[in-house]
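The following exercises concern side-chain contacts and solvent accessibility. Please examine the sequence and the coordinates before reading the solutions.

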Amino acid sequence: SLNGRVRAHSRIESDTQKLVSERQRLAQELDKVSAKAKRLDDSSAEVARRLVVAMESVREVLAKENG
């Protein structure tokens with residue numbers, strides 16, 4: 001009975017270590033994905049800003065031609 005409990009305890013400890021390791025791996029993966037998402041958001045904002053500038057330039061040129 002004692003041996004069985006020791007083995008069960010060892011399995012629980014092993015499983016716990018595996019879960020901790022998996023959690024650390026997933027946390028690192030989440031950090032990487034979050035950083036990539038932020039870079040994409042920043043890039044998207046920059047593209048939107050450049051599009052606004054380009055549209056304003058086109059409007060100015062068209063206004064001068066029609067002026």
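**Exercise 1: a salt bridge and its surroundings**

Glu-22 has a relative accessible area of 35% and is therefore partly exposed (buried is under 20%, exposed over 50%, partly exposed in between; 1.4 Å probe, protein chains only). The model is predicted: local features need pLDDT of at least 70, side-chain atom pairs count only at pLDDT 80 or more, and totals for chains, interfaces and linings use all residues. Residues are numbered from 1 along each chain as its sequence is written, and side-chain values use heavy atoms, without hydrogens and water.

Task: determine which side chains meet in a salt bridge at 2.7 Å, N to O.

Solution. Step 1: apply the criterion, a side-chain nitrogen of Lys or Arg within 4 Å of a carboxyl oxygen of Asp or Glu. Step 2: the pair is Glu-22 and Arg-25. Step 3: these residues are three apart in helix 1, so about one helical turn separates them (helices are DSSP runs of H or I, at least four residues, numbered from the N terminus). Step 4: Arg-25 is partly exposed, because its relative accessibility is 40%. Step 5: a network of salt bridges links Glu-22, Arg-25 and Glu-29.

**Exercise 2: a second pair**

Task: classify Glu-46 and Arg-50, which meet in a salt bridge, by accessibility.

Solution. Step 1: their N to O distance is 2.9 Å. Step 2: both lie in helix 1, four residues apart. Step 3: Glu-46, at 29% relative accessible area, is partly exposed, whereas Arg-50, at 55%, counts as exposed. Step 4: the structure holds five salt bridges.

Technical notes. Helices (H or I, at least four residues) and strands (E, at least two) are DSSP runs, numbered from the N terminus.
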